[in-house]
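Please look through the sequence and the structure shown here before reading on.

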Amino acid sequence: MDESVLLAHGSGGKLSHELVEKKFLPFLANPALNKLDDSAVFEASGRLAFTTDSYVVNPIFFPGGDIGKLAVCGTVNDLAMNGARPLYLSLSAIIEEGFLLSELEQVVQSVKKAAEEAEVSIIAGDTKVVNRGQADKLFITTSGVGIISAGVDISGANARVGDKVLLSGTIGDHGIAIMSQREGLKFSMALESDCAPLSKLVSQMLEVSSNVHCLRDPTRGGLATTLNELAWQSNVGIVVEEAKIPVREEVKAACELLGLDPIYVANEGKMVAVVDPADANKILTRMKKNNYGRDAAIIGEVTKEHPGRVVMKTKLGPSRIVDMLSGELLPRIC
Amino acid sequence: MKFIDEYQDSKLAKGLAYKIAQRSTKTIRLMEFCGGHTHAILRYGIRQLVPKTVEMKSGPGCPVCVTATADLDKAIALAHLPNVIITTFGDMIRVPGSYSSLQQAKAEGADVRIVYSTIDAVEIAKANPEKAVIFIGIGFETTAPTIAASILKAQQEKIENFRVLSLNKLTPPVIKALLDSGEVKLDGIICPGHVSVIIGSHPYEFIPRDYGVACVISGFEPVDILLCIDKLAEQIERCEPKVEIAYSRGVKPEGNVKARQLMEEVFEVGEANWRGIGIVPQSGLKVRGKYERFDADKAFPVSLKPAREPKGCRCGDIIRGAVIPLECKLFGEVCTPKNPVGPCMVSSEGACAAYYQYRTPENL
């Protein structure tokens with residue numbers, strides 16, 4: 001039988017050390033982490049970005065990724081959305097007693113792979129084991145530090161009237177891939193989560209233009225919520241065209257079946273960029289050369305009218321307000 | 001699965017809207033029964049596409065919304081009983097009852113769980129044999145067969161702790177009740193798509209025959225709905241009301257016989273209490289005597305304080321189509337999806353939620 005995590009693995013004693021040495025260090029090794037001091041020490045100078053996020057996704061393994069990949073990409077992307085180049089992450093794992101060691105190893109391997117791709121090192125970490133039922137298999141929290149180059153000023157408050165709104169690719173892939181795996185809702189489809197680190201895509205965009213004003217990754221709450229956040233923070237209106245928003249056939253089909261609107265479905269490897277109109281095409285062309293931006297499109301623009309609001313020109317022509325998601329995204333009953 | 005873009009095609013939609021405008025010589029009053037249709041109509045701006053002569057009202061087709069406050073109070077009372085797990089579809093837990101909500105009960109320690117399907121509720125019962133697991137059965141003819149199937153599964157697998165509080169409702173009888181009341185004058189009904197997948201088109205035949213009201217069954221994409229409105233306009237202009245199917249990829253005239261057999265095996269028709277409408281005879285589904293050990297009503301009789309409605313809330317009037325959400329004083333100010341006063345703002349199928357979510361820039 002597969003070995004599983006025991007409460008003793010969280011005792012701080014021998015088994016705890018063994019867990020770290022066998023399941024974490026071999027995959028995540030780097031000079032700062034290997035020292036196993038109480039804190040990691042590193043050099044940095046300039047403007048730094050710092051962020052943290054917790055990951056409690058269910059199920060923890062899903063098509064196109066798992067909680068480990070998500071925990072790295074999510075935090076890397078949060079740094080990238082301020083134009084920062086991610087440097088270091090910390091990672092804390094809260095493990096439910098009974099969780100399989102083989103599955104833990106699989107998750108840590110995903111962490112390693114995603115960190116390598118994003119060129120970040122995990123330099124600090126912690127593990128805790130809790131009684132069965134006090135956590136759902138595995139929760140991960142990551143925090144990250146990144147460095148921002150001189151002259152880069154990206155914020156949700158920087159959108160200006162006339163700016164173009166770009167989207168890096170198809171929406172809803174992550175949310176629908178996860179939903180397709182949930183108990184009671186299982187449907188089979190060839191759809192994978194879009195979970196991906198976007199830091200390189202961002203640095204490529206910044207190489208071709210210094211007029212990127214806002215970046216944000218539309219995770220929970222989807223594209224609609226992100227656009228509303230930007231409109232509100234910058235106190236401008238945003239108008240988008242529904243027909244220009246890329247959505248995969250599979251996502252469209254699942255949304256029709258479940259009565260959902262893809263603009264509210266979560267993404268984990270997509271971003272919205274608000275950029276100077278003069279540079280929009282140049283940035284779009286660069287984005288399309290990166291695998292994570294190949295379906296990028298200009299979906300709308302920033303307006304003086306209706307500040308704080310997002311308006312969508314629907315496929316059929318009439319316009320409507322697009323609000324933030326309120327409450328949870330639930331499939332229809334009837 | 002394909003064939004979605006075709007049903008969202010803007011040229012096709014505009015062509016249909018033009019055809020409707022050409023056809024309509026007089027004002028026609030339509031009601032979409034189903035909350036799913038209300039959402040699609042507002043989401044795609046169909047009201048702005050069709051000519052002003054087409055008046056559209058929303059009907060009682062939101063399962064959460066039509067659940068009477070007294071029935072909700074009962075579900076909340078059941079949640080507070082010892083050794084009970086309440087299982088329900090998501091939106092229900094946020095609907096305010098007279099004195100509390102399932103969400104409030106959950107925060108106070110009751111075990112209330114959201115499920116996506118009735119079969120999940122049976123699984124929870126299987127995993128918790130020492131507790132009574134009650135599923136709050138809401139919905140129309142669409143959910144009833146799956147709830148019936150869950151009772152049959154529980155019987156087959158001898159899961160004795162599974163119960164259903166059957167609040168399920170039937171569509172044709174409540175349409176009859178609305179037409180009988182005469183409060184809302186209608187020329188045509190956009191008949192529900194998913195309900196009709198189960199019941200077929202025959203149960204609507206009394207509507208054109210006895211009331212002279214046109215009936216067309218519609219799908220949920222914008223082109224489906226416009227096609228349906230076009231067919232309704234044609235019937236009304238010609239004064240030839242009948243039942244038509246504009247959703248033939250989903251609905252057969254005879255419906256889904258197997259699903260109906262399941263329903264009839266487990267449930268019998270009885271009266272039901274509808275929010276805003278009251279008791280409507282022959283419009284509800286009760287668990288048959290043969291399966292009464294699965295009936296939460298029989299297993300857990302609870303006494304309740306008289307139900308009361310939230311002050312100023314016009315959900316009842318909105319459900320009947322007597323007013324539209326914009327006519328409610330609470331709409332958008334006091335009552336929003338974040339702080340809903342009534343069920344029509346809570347449910348993703350509710351008319352108020354649709355009006356709020358899909359406001360047009362003009363009516364901000």
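The contact takes 29 residues from chain A and 43 residues from chain B, two residues being in contact if their C-beta atoms, placed from the backbone, lie within 7 Å. This is a predicted model, in which local features need pLDDT of at least 70 and side-chain atom pairs count only at pLDDT 80 or more, while totals for chains, interfaces and linings use all residues. Residues are numbered from 1 along each chain as its sequence is written, and chains are lettered from A and ligands numbered from 1 in the order in which they are written.

On the side of chain A that touches chain B, the elements that give two or more residues are helix 8 and strand 13 (319-322) of chain A; helices (H or I, at least four residues) and strands (E, at least two) are DSSP runs, numbered from the N terminus. Helix 8 of chain A gives the most to this side, with four residues. By residue class, the side of chain A that touches chain B divides into ten nonpolar, eight polar and eleven charged residues, where Ala, Val, Leu, Ile, Met, Phe, Trp, Tyr, Cys and Pro count as nonpolar, Asp, Glu, Lys and Arg as charged, and the others, Gly among them, as polar.

Helix 8 of chain A, residues 249-258, also holds A:Leu257. Is A:Leu257 buried or exposed? A:Leu257 is exposed, because 12 other C-beta atoms lie within 10 Å; a residue is buried if 20 or more other C-beta atoms lie within 10 Å of its own, exposed if 12 or fewer, and partly exposed in between, with C-beta atoms placed from the backbone. A:Leu257 and A:Arg332 are 75 residues apart in sequence, and 8.9 Å apart in space, C-alpha to C-alpha.

Turning to chain B, the domain assignment gives domain 1 (5-62 + 171-245), domain 2 (65-170 + 256-299) and domain 3 (315-358), with bounds that come from an automatic or database domain assignment. The centres of domain 2 and domain 3 of chain B, taken over C-alpha atoms, are separated by 25 Å. Nine residues of domain 2 of chain B are in contact with twelve residues of domain 3 of chain B.

In chain B, four strands form an open sheet in the order 4-3-5-6 with parallel pairing, two strands being paired if DSSP finds at least two bridges between them. Strand 4 (111-114) and strand 6 (162-166) of chain B stand at the edges, each with a single partner strand, so one side of each has no neighbour in the sheet. The twist from one strand to the next averages 25°. Strand 5 (residues 132-137) and strand 6 of chain B pair in the parallel sense over five bridges, and B:Ile134 stands opposite B:Arg163 in strand 6 of chain B. Across strand 3 (84-88), strand 4, strand 5 and strand 6 of chain B lies helix 5 (residues 69-79) of chain B, running at about 140° to strand 3 of chain B; axes are lines fitted to C-alpha atoms, for helices over the stretch in contact, and angles run from 0 to 180 degrees between N-to-C directions.

Another open sheet of chain B has five strands in the order 2-1-7-8-9, with parallel pairing. Strand 2 (54-61) and strand 9 (243-245) of chain B stand at the edges, each with a single partner strand, so one side of each is left without a neighbour in the sheet.
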